[in-house]
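Here is a note to read alongside the model. Please keep the structure open while going through the points.

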Amino acid sequence: MADLPGYVRSCLHTGKLAFLAILVSGGVVLQILACALYNNWWPMLTVIMYVLLPMPLLFFAGSDSSSLYTESNSGWINATKFLTGASAIGSIAIPAILKHAGVIGWGALAMELSSYFVFVVAIMCYIRMNDENDYSIL
């Protein structure tokens, strides 16, 4: 990639950012459709988890994302891993509990879980881009 001209590299970076924007937009659309198509807005509870998911990473891990992949003796990094995992499981558990209680139907559950899957793919693509390039959260 170092032997490519600067304008080609910037075009590739722009395309990657556009792909991330499309993924996130698709996840949001699936989230809203899960509510609007079935005229039931209870599945929007998962948005709380989507908002809470990056908070431990931003507050406790800072800009050093490599510490999340290694074993650490730091209490803050361990708390970050735990809170992020709890939020991620909550994003799956809330629609499952709503379906079990009979509040939402199978279609809304499928759209909610596919929205979660699209968001996870977007996060993984962002992490991969962050490792390759100079993109950063902060």
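**Notes on the helical chain**

1. Start with Tyr 50. Tyr 50 touches Gln 31, Ser 91, Glu 112, Ser 115, Tyr 116 and Phe 119, leaving out residues up to four places away in sequence. Contact here means heavy atoms within 4.5 Å. Tyr 50 sits in helix H2, residues 46-52. Helices (H or I, at least four residues) and strands (E, at least two) are DSSP runs, numbered from the N terminus. Tyr 50 counts as buried because its relative accessibility is 16%. The cut-offs are under 20% relative accessible area for buried, over 50% for exposed, and partly exposed in between, with a 1.4 Å probe and protein chains only. The C-alpha atoms of Tyr 50 and Ala 88 are separated by 8.0 Å, although the two residues are 38 apart along the chain.

2. A word on the basis. This is a predicted model, where local features need pLDDT of at least 70, side-chain atom pairs count only at pLDDT 80 or more, and totals for chains, interfaces and linings use all residues. Residues are numbered from 1 along each chain as its sequence is written, and side-chain values use heavy atoms, with hydrogens and water left out.

3. Now the overall fold. The protein chain has five helices and zero strands. Along the sequence the pattern reads α-α-α-α-α. Of its 138 residues, 28% count as buried. Among contacts between residues at least 6 apart in sequence, 62% join residues at least 24 apart. The accessible surface comes to about 8700 Å², and carbon and sulfur atoms hold 72% of that. Those areas come from the Shrake-Rupley method with a 1.4 Å probe; for residues, only the protein chains shown count as cover.

4. Which residues does the record mark as transmembrane? The UniProt annotation "transmembrane region", from an unreviewed entry, covers residues 17-34, 40-61, 82-98 and 104-127. UniProt positions are given in the numbering used here, feature names are shortened, and annotations may be inferred rather than shown by experiment. Residues 17-34 are 100% helix and 0% strand, with end C-alpha atoms 26 Å apart. Residues 104-127 are 92% helix and 0% strand, with end C-alpha atoms 33 Å apart.

5. Thr 46 is also in helix H2. Its relative accessible area is 1%, so Thr 46 is buried. Setting aside neighbours within four places in sequence, Thr 46 is in contact with Gln 31, Ser 91, Ile 94, Pro 95 and Glu 112.

6. Ser 115 belongs to helix H5, residues 106-132. At 0% relative accessibility, Ser 115 is buried. Beyond its neighbours within four places in sequence, Ser 115 is in contact with Gly 27, Leu 30, Gln 31 and Tyr 50. Ser 115 and Leu 33 are 82 residues apart in sequence and 9.8 Å apart in space, C-alpha to C-alpha.

7. Check helix H4 for length and bend. Its 26 residues (75-100) should span 38 Å at 1.5 Å a residue, and the end C-alpha atoms are 36 Å apart, which agrees. The expected span is 1.5 Å times one less than the number of residues. A kink of about 30° lies at Ser 91, shortly before Pro 95. The bend is the angle between axes fitted to the seven residues ending at a residue and the seven starting there. Buried residues in H4 include Thr 84, Ser 87, Ala 88, Ser 91 and Leu 98. After H4 comes Gly 102, whose phi is positive, near 80°.

8. Where is Pro 95, and is it buried or exposed? Pro 95 lies in helix H4. Pro 95 is buried, with a relative accessible area of 0%. Leaving out residues up to four places away in sequence, Pro 95 touches Thr 46, Gly 90, Ile 104, Leu 109 and Glu 112.

9. One backbone angle deserves a look. Asn 39 is in the loop between helix H1 (6-36) and H2. Its phi is near 50°, a positive value in a residue other than glycine. Most residues other than glycine have a negative phi. Asn 39 counts as exposed, at 66% relative accessibility.

10. Last, the cysteines. A disulfide is a pair of cysteine sulfur atoms within 2.5 Å, and by this rule the count is zero. Cys 35 is buried, at 0% relative accessible area. Cys 125 is partly exposed, at 24%.
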